[in-house]
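Try each task before you read its solution.

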Amino acid sequence: MKGDLVEVDVTAVAHGGHCVARHLGRVVFVRHALPGERVVVRITEDTGGSYCRGDAVQVLQAAPERVEPPCPYAGPGRCGGCDFQHVTAAGQRGLKATVVREQLSRLGGLPDVPVVVEELPGGLLGWRTRMQFAVDRRGRAGLRRHRSHSVLPLADCPLAHPALSVSDVLARRWRDAQGVEVVGSAAEPPTVLRRGLHRSVAVSGPQVRREQAAGRSWQVDIGAFWQVHPAAADVLGAAVLSMLAPRPGERCVDLYGGVGLFAGLLADTVGPTGSVLCVEGDRAAAADARVNLAPTPWASVRRQAVDAALVAGLSAYDVAVLDPPRTGAGRPLVEALAAGPARAIAYVACDPAALARDVKTFGEHGWRLSALRAFDLFPMTHHVECVALLVPGTG
Ligand SMILES: C[S@@+](CC[C@H](N)C(=O)[O-])C[C@H]1O[C@@H](n2cnc3c(N)ncnc32)[C@H](O)[C@@H]1O
């Protein structure tokens, strides 16, 4: 029952930033714990069903990967922004690798995929170039507690990139705001956005930002998608290129193309005898993509929703990039791609469960997972980014 203290052995990590234990025949999803530990758990949520949730409030036997959280706001009942502050860097990557492997096995039907989660430069702290804060009734900005609407006011956040100067934003009162957001990079002053009931308004800093990746500059509207880790665009771009190995003259499709990052890199590689089509649904992102792809006029942008009908109507293409939102591509879109002419598809995935489901669908249509890389784009959190190479044939 909620509030009870129970002593459990923690067995495995689960997708979502918690670990699994059992108590009186029921599963307990435990936060702030590690596999192999014996902990006292305070039950925070009891569904009445087969499982409940809890926080490890006392560690009776610690795992070797356990460390003291560097953030003063981390811990049971406190900030819900991080999941793995209590884990070494290598330990975090190990947990994420286990989760990706387990999702591919359970949901993807692929039991033996070796997974290594690769480290990005820059360490565990100071990497977030975009922070969204909630605001409490007194106008104080902070982060929500885990699975709660309650806001924990903060004076600083050690995950925030120093260029964001979040302590300045957090020191202010944001009366009547729904939230406040800060976006920044080393090159420009941060943009601060006040989130109202219906829209966000920039209160300081540029509306259109310049981001650096792959040796060039990209125009990114403040409302358009750009990876949050400063090294992410470089790392993902290189991974996609090395997996697809596009050749001069090839025709490429970049689905969910954002401001044209992958499309731009593909266009540079295939050259003017090839072609690239970037499909992006968001108006501002598509407009940025047009600007970013202007130096390579063999790359074009379509502002349109990506769906199965669109893919079925595409003329011949050799390679595709698929970078959908968290929910994944879904069966109809995967089936349309699997029926298409591509020799290879690079699938960039921020949710390993959605990736695993889509990989299974590709498999049902005669495609196979030929390579997988995973990256720790979101240190201290349970999130992990994967790049999967899918090719036709059983290999
Ligand atoms: C994960 S982001 C990837 C962006 C880009 N590939 C990058 O790496 O910068 C997903 C993108 O898909 C766009 N998007 C989401 N749903 C969409 C849909 N149904 N049709 C087209 N674009 C969509 C979003 O606006 C966003 O730009």
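Helices (H or I, at least four residues) and strands (E, at least two) are DSSP runs, numbered from the N terminus. The model is a predicted one.

**Exercise 1.** Find where proline 114 lies, and decide whether proline 114 is buried or exposed.

Solution. 
- Step 1: Look at the loop that links helix 1 to strand 6 (117-118); proline 114 lies there.
- Step 2: Take the relative accessibility of proline 114, which is 68%.
- Step 3: Exposed means over 50%. Proline 114 therefore counts as exposed.
- Step 4: Go 16 residues along the chain to threonine 98; its C-alpha atom and that of proline 114 are separated by 9.6 Å.

**Exercise 2.** Describe how helix 1 and helix 8 pack.

Solution. 
- Step 1: Locate helix 1 at residues 89-106 and helix 8 at residues 352-364.
- Step 2: Their axes come within 8 Å and cross at roughly 30°. Angles under 35 degrees count as roughly parallel, so helix 1 is roughly parallel to helix 8.
- Step 3: The crossing is right-handed.
- Step 4: Helix 1 makes the contact with Val99, Val100, Gln103 and Leu104, and helix 8 with Pro352, Ala353 and Ala356.
- Step 5: Sort the contact by class: 6 nonpolar residues, 1 polar and no charged ones.

**Exercise 3.** Is serine 185 buried or exposed, and which residues does serine 185 touch?

Solution. 
- Step 1: Find serine 185 in strand 10 (residues 179-185).
- Step 2: Its relative accessibility is 10%. Buried means under 20%, so serine 185 counts as buried.
- Step 3: Leave out residues up to four places away in sequence; serine 185 then touches Ala163, Arg209, Arg210 and Glu211.

Technical notes:
Residues are numbered from 1 along each chain as its sequence is written. This is a predicted model: local features need pLDDT of at least 70, side-chain atom pairs count only at pLDDT 80 or more; totals for chains, interfaces and linings use all residues. Side-chain values use heavy atoms; hydrogens and water are left out. Axes are lines fitted to C-alpha atoms, for helices over the stretch in contact, and angles run from 0 to 180 degrees between N-to-C directions. Angles under 35 degrees count as roughly parallel, over 145 as roughly antiparallel, 65 to 115 as roughly perpendicular and the rest as oblique. A crossing is left-handed if the near helix is turned anticlockwise from the far one by less than a right angle, and right-handed if clockwise. Contact means heavy atoms within 4.5 Å. Ala, Val, Leu, Ile, Met, Phe, Trp, Tyr, Cys and Pro count as nonpolar, Asp, Glu, Lys and Arg as charged, and the others, Gly among them, as polar. Buried means under 20% relative accessible area, exposed over 50%, partly exposed in between (1.4 Å probe, protein chains only).
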